[in-house]
Structures are given as structure tokens and as C-alpha cells.
Amino acid sequence: MIKVAVDAMGGDYAPGEMVAGAVEAVNAKPGIQVLLVGQEQAVVSQLSKHTYDKDRIQVVNATEVIATEEPPVNAIRKKKDSSIVVGLNLVKQGEADAFVSAGSSGAILVGGQVIVGRNKGVERPPLAPLIPTEKGVSLLIDCGANVDARASHLVQFAQMGSIYMEHVMGIKNPRVAIVNIGAEEEKGNALVKETFPLLKECKGINFIGSIEAREIPHGAADVIVCEAFVGNVILKLYEGVGATLISMVKGGMMSTLRSKIGALLVKPALRETLKSFDGSQYGGAPLLGLKGLVVKTHGNSKRTEVRNSIIQCVTFKEQDINGKIRQCLDVQNEE
């Protein structure tokens, strides 16, 4: 059994959707045990609405909740019995293989580093979500953890991202590109100009150069490297444009009788196409480079994303991604 601790109190729709996602994960995939961390009475009340294997879901009581507006460092330090701190400690103590939360991003980032701890040699753990593209998915790294990253950080992001895409997503020799405002090597801000030659010289990655934002949805690279400010802007714009286009397509197809008839004909194919651009299908963003697995899902996550984030942890654990990252960085340090 792979044990996944889930923050039942984190996110806009907690605890209902977090509990529902946990139940769906357990019912969908054997070999998973979920530890629902949160205020016991509220969690048990939600569990009573579902049918599931009682041996595979356990409630771990945590009396406190960290709100999104709280200063992360103070919250982690003062709220020792919060669902985030308790869940991260379960990973640290080896009582859980992973921790999934839709709660405070800042608290998860701080807690991940302070409680779970970084792997030796990792300078900055990045958040790395999968984003849908025309050719499948790409890994956007970093999307929110390090807004003032250095060139050496971005090189490590490229290394960790390559390991993730090869061993979790099965993409051999994944293409790595750095986000830039042009394809030419001399373009970009100071950080990009400093990082570009380091990526060219970095052994063990398939660096293909710069990638402009408009090429990202076409799947021009498998690992998209940037610092967190740029990555977060890309991710949020991606999600906003995607949701707007889906809404406009649906609205247009319901606007006239003729379009409604056409909609009935194309509905099955359209549903599959739109589904591939639904980010919730790909789970959450792992915080790479830690001693244990921590996955951050969107604050507005519902059961589908929660379920997929939990299932995602199984592959991560089975492929020993943290071990492979440690090994990669050890080799780089020796060189």
C-alpha cells in the first residue's frame, strides 16, 4: 500500500471535495491508502456520504487550519496542529509516502522545505505542474515557488524536470527549453542570458534553446524552464484563456437552433478534445527536490483534480523520482 496524506481542510471546497476526491482515488485504484488530515468531526461527516473500503481511508485529527492570507512562516511555526503541518510531518516521519494539499501555497512551500526538508544539493525546490499541449503535456518548472531564482537554480530545474518527464511521463530524452522573448540566444533578460549557456553545457539534458510563449501550447518542448514569476503568469493566463475559450465555444453552439443541431453531432468529439485541455486531468504540481513527495493542487480543486493528484503520487513513488534526483545531483556535484 502506498499511503497518501491528504489535507482535508485546504482549498475553496474543503472538506467536501477533498474527501470525495480521496474516495474516488481509493475506489479507482487498488494499492492506495489515504490518510485524511483535518478536523475529525467535519471529515467523518463528509465520509458518511460515500461508499468506500473502510480499511483504506483513515482520518488523522488536526484541530487547526492555516488560512491562505496568513503569513506562511508564522503559520507553520505557530499552528503545529494544522492539517498542513500534521500532514507534512506524516511524510517526514515515514508514516505517509506523499502529502497532497489545495491549501495555502506559501505554507506548503515553507513547510515542505522546513519540515520535510530538501534533498542534499538541491538549492531551491520548484513547483512543476503538467500543462496540456497540442502534442500531450509539458512540464512548467517553476510556476510559483521561486520568484527570484538564480541561473544555477534554473539549471537544476531543467535537470529535475527532465527526470520527472522521463520516468513519470515516459518521455525519452525530453526536450528542454527556456522561456524567452525570442528564439535568438542573445535575447532575453539578464537571468535568461546568464542561464542559456549553462543549459547548453549541462550534461544529461536535451536542451533545444529558447521557447516563446506562443509555442508552448503547440508542445514545442517537454520541459519549460523559467523562474516562478514568469511561470505563474504563463500558468494563470493559460488557465484563463482555456476556460474562456471553452465557455465561448459552448455559448456559440447553443446560440441558434442550427448550432444546437450541429452541437449534437460534434458533441462526442468536442468533449474529448476539450477534456485534453482540462488541467484537472493531470493532477497537482509536485514540489520537486524534497526528501519526500509534496503535491500542491489548485485552491479551487474539485474531486477530479484531487483524485488524480492522489493517483499521481503512486507513479512518483514507484519510480523513486526523489532518489533519481538525488543521484543526478550527486553525479553533477562530483563532476
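Valine 241 sits in helix H8, which covers residues 228–253; helices here are DSSP runs of H or I with at least four residues, strands are E runs of at least two, and both are numbered from the N terminus. The model is a predicted one, with local features needing pLDDT of at least 70 and side-chain atom pairs pLDDT 80 or more, while totals for chains, interfaces and linings use all residues. Residues are numbered from 1 along each chain as its sequence is written, and side-chain values use heavy atoms, leaving out hydrogens and water.

With 41% relative accessibility, valine 241 comes out as partly exposed (buried is under 20%, exposed over 50%, partly exposed in between, with a 1.4 Å probe and protein chains only). Together with Leu237, Leu245 and Met248, Val241 makes up a nonpolar surface patch of about 410 Å² accessible area.

On to the cysteines. There are zero disulfides in the structure, a disulfide being a pair of cysteine sulfur atoms within 2.5 Å. For cysteine 143, the nearest cysteine sulfur belongs to cysteine 226 and lies 8.3 Å away. Cysteine 143 is buried because its relative accessibility is 6%, and cysteine 202 is buried because its value is 11%.

Helix H1 (residues 16–28) is largely enclosed by the rest of the structure, because ten of its 13 residues are buried. Among them are Gly16, Met18, Ala22 and Val26. The buried residues of H1 pack against strands S1 (2–7), S2 (32–38) and S3 (57–61), plus helices H2 (40–47) and H10 (303–318), with contact meaning heavy atoms within 4.5 Å.

Definitions and conventions:
Patches are made of residues with over 30% relative accessible area and no salt bridge: like charges are joined within 9 Å, nonpolar side chains (Val, Leu, Ile, Met, Phe, Trp, Tyr) within 5 Å. Accessible areas come from the Shrake-Rupley method with a 1.4 Å probe; for residues, only the protein chains shown count as cover. A salt bridge is a side-chain nitrogen of Lys or Arg within 4 Å of a carboxyl oxygen of Asp or Glu.
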